[in-house]
Amino acid sequence: MNGEAASPGWPQVVRAKLLQQRMKEAKILAVGAGGIGCELLKTLALSGFENVQVVDMDTIETSNLNRQFLFRKRHVGQSKAKVAAEAVQRFRPSCKINAMQANIKEPQYNVGWFKGFDLVLNGLDNLDARRHVNRLCLAAEVPLVESGTAAYLGQVTVHIKGTYECFECQPKATPKTYPVCTIRNTPDKPIHCIVWAKDLLFQRLFGRADVVSDLDEAAEKAEGETEGDAAAAAEQEASFFVRQTGESSFAYADRVFHRVFCFDIERVISMKDLWKTRKPPVPLRLDELRHAAAGAASTNGIHKSSSSQQATADLSACRLLGIRDSHAAWSTAQSAQVFLMATQLFLDLRSDEVGAAVFDKDDALAVEFVAAASNLRSTCYSISPLSLFDIKGMAGNIVHAIATTNAIVSGLIVAEAIKLLAGMPENCRATHLRSSVHTGRSGRERIIGPSMLEPPNPNCPVCGTAQLSLEIDTHKTTFKELLDRVVRRKLAVAQPTIQYDGFMYEEGPDLDEDEVADYAKFLGRPLHTLPAGGIKDSSVVEVSDQAQKLELSIIVTHQEEWDEEKDPEAFSLGGKLPVASADAPAEDSSVAGLSSLTGANDDDEGIEEVFEEPAFEARPNLTSKRKRSDEEQSPIEKRLKAANNLGEDCEVID
Ligand SMILES: Nc1ncnc2c1ncn2[C@@H]1O[C@H](COP(=O)(O)OP(=O)(O)OP(=O)(O)O)[C@@H](O)[C@H]1O
Ligand SMILES: [Zn+2]
């Protein structure tokens with residue numbers, strides 16, 4: 001940060017001028033130009049910031065227009081970052097906004113690039129990107145203002161390396177997972193059927209064949225079947241969904257319907273043990289539904305030329321079938337109609353995507369397919385069907401966004417940014433926006449509640465020195481499973497290097513083909529058979545990511561028995577940690593911020609838990625009001641203060 005240091009003794013007006021100057025000059029990185037990001041860019045510009053870099057990987061969708069006010073209908077399909085920057089510059093030309101449409105995780109946005117900014121402000125919507133930015137800010141020693149909203153709830157926090165907690169010092173909820181056997185065989189809630197329709201059936205029919213989900217992997221044995229029979233059945237199952245040469249889309253849709261809602265259900269019914277304490281499902285017969293499903297079933301192939309709906313983005317089975325009310329639950333016959341019609345439309349009019357499609361909540365046809373399939377499965381299992389609207393929300397992990405919440409949170413981000421630029425990090429706060437009035441300790445009623453920021457958690461695996469502990473079956477788990485499920489999914493390590501005594505595995509663009517092929521040989525091997533004695537009980541495995549400047553140490557415990565209901569992932573990640581310092585909150589020292597990383601949680605009541613981001617639940621007021629002495633200040637804090645000592649008497653929004 002450039003700019004003359006101001007003496008606290010100077011008149012307020014001089015200090016205000018200097019602060020303004022600093023805001024003009026400060027280099028700000030804003031990550032995300034969505035709901036929060038648009039408001040943030042506008043507020044930054046109107047507050048006097050003039051040097052902003054914005055990165056967002058996405059393009060504008062119609063569904064963004066109700067709350068991302070920098071965008072208009074004509075912008076649909078264009079880069080969010082670019083359109084947002086242009087819109088802001090139109091009303092504040094002095095504000096220079098450099099926009100990039102890119103994923104912030106791309107390698108060019110490395111530590112050196114992050115070091116070029118005075119502050120980083122996040123307006124993201126996923127944990128993975130937030131963790132990545134947190135790690136780069138730590139490595140580059142740049143303060144981060146993090147934010148999130150969920151309907152009426154909002155939160156803004158400030159993270160300064162060595163001074164305050166990093167984003168990962170405290171537990172974060174990770175996406176809810178469900179026991180595989182419940183999803184495959186014994187669903188008893190609508191969400192179980194939605195997960196099955198989206199992650200298993202949609203993926204099998206339209207997605208990439210080489211993407212195998214956990215749901216595909218675990219084939220159950222029917223009564224009287226051997227392991228071998230079950231494996232052969234699983235293989236047969238996968239090949240069943242391949243469309244045969246010359247097979248019409250009509251015949252294919254029919255065949256899939258019969259298979260998944262009749263044959264498979266009968267197979268599950270034959271697993272008698274499953275139904276000792278549960279009601280068995282009931283298969284559906286297409287011929288019985290046929291007369292009602294005639295609209296779709298009679299359309300033997302849908303041709304581009306004969307359809308008035310040419311634009312794939314607009315394709316809708318419901319529209320073709322005249323089903324208008326997205327808030328009403330369909331009858332079983334309607335679900336069957338939509339299922340058959342959506343399958344045919346995909347095959348006939350979106351054939352280019354078949355084999356590569358990825359479920360997207362903004363893809364009407366994909367949502368209709370998932371809604372129809374999950375409702376049909378619900379009917380088999382006597383679960384009440386849901387409306388298209390509800391299923392879209394649950395399948396897309398949608399928390400309905402509220403523009404005002406985003407606007408307030410963006411204002412709070414800018415307030416924290418100004419405190420940082422004013423050299424007053426000790427005045428920064430974590431601020432929570434609640435959905436109802438809350439009475440604070442002072443007895444005052446408020447909706448926006450600030451709380452003191454906590455010092456870093458010494459046991460944080462990212463900014464502290466914690467050692468993680470991993471209980472896993474080292475005989476059954478392959479190295480690939482360890483990489484995918486633990487290292488990438490749980491620890492968000494993008495490009496891992498794995499080391500233990502005498503063994504090293506690396507990933508990354510610098511490797512040549514031979515190296516990649518050599519390393520690939522290890523992927524299918526069970527952990528204990530890896531070279532140099534393998535990963536086994538008491539092994540200490542070092543995991544690092546050069547790009548994130550991250551190093552983690554994991555102590556492995558071999559554990560064979562896993563209860564699939566309680567621990568669907570068949571491993572447990574936690575902290576066997578060094579002694580917590582006196583300052584660490586006592587109740588946190590048990591798992592010290594790691595419990596969310598352990599993932600599965602058995603309580604699957606309530607749909608909120610499938611949302612990816614309940615990370616921004618309002619937290620209770622934190623209590624550490626300890627004043628920090630000069631010696632305790634971190635290098636960034638000292639630098640901020642030295643560069644920007646604009647006065648001690650600035651008001652805090654407490
Ligand atoms: N890794 C990433 N790199 C760059 N931008 C990202 C990354 N991850 C998320 N984003 C951006 O963060 C923004 C988050 O905004 P928001 O939460 O409003 O989501 P949205 O996609 O605009 O809306 P919705 O999810 O409700 O449809 C999005 O524009 C998204 O593209
Ligand atoms: Zn931390």
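User: Hi! Is the crossing of H14 and H15 left-handed or right-handed?
Analyst: The crossing of H14 and H15 is left-handed (the near helix is turned anticlockwise from the far one by less than a right angle). This is a predicted model, where local features need pLDDT of at least 70 and side-chain atom pairs count only at 80 or more, while totals for chains, interfaces and linings use all residues. Residues are numbered from 1 along each chain as written, with chains lettered from A and ligands numbered from 1 in written order.

User: At what angle do H14 and H15 cross?
Analyst: Helix H14 (residues 332–349) and helix H15 (residues 364–380) cross at roughly 140°, with their axes coming within 8 Å.

User: Which residues make the contact?
Analyst: On H14 they include Phe-339, Ala-342 and Phe-346, and on H15 they include Phe-369, Ala-372 and Leu-376 (contact: C-beta atoms, placed from the backbone, within 7 Å). By class, the contact of H14 with H15 has 11 nonpolar residues, 5 polar and 1 charged.

User: And how do H7 and H16 sit relative to each other?
Analyst: They are roughly perpendicular. The axes of H7 (residues 190–206) and H16 (residues 388–395) come within 10 Å and cross at roughly 70°. Ile-191, Ile-194 and Lys-198 of H7 meet Ile-391, Met-394 and Ala-395 of H16. That contact divides into 5 nonpolar residues, no polar and 1 charged.

User: Switching to ligand 1: which residues come nearest?
Analyst: Gly-32, Gly-34, Gly-35, Asp-58 and Asp-125, out of 20 residues around ligand 1 (C-beta atom, placed from the backbone, within 6 Å). Helix H2 (35–47) and strand E2 (51–56) each supply at least two residues of that shell.

User: What classes make up the shell?
Analyst: The shell around ligand 1 has 7 nonpolar, 8 polar and 5 charged residues, with Gly counted as polar.

User: What does UniProt annotate at residues 353–392?
Analyst: The unreviewed entry gives "domain: Ubiquitin-activating enzyme SCCH". In the model, that span is 55% helix and 0% strand (DSSP runs of at least four and at least two residues), and its end C-alpha atoms lie 21 Å apart.

How values were computed. UniProt positions are given in the numbering used here, feature names are shortened, and annotations may be inferred rather than shown by experiment. Axes are lines fitted to C-alpha atoms, for helices over the stretch in contact, and angles run from 0 to 180 degrees between N-to-C directions. Two residues are in contact if their C-beta atoms, placed from the backbone, lie within 7 Å. Angles under 35 degrees count as roughly parallel, over 145 as roughly antiparallel, 65 to 115 as roughly perpendicular and the rest as oblique.
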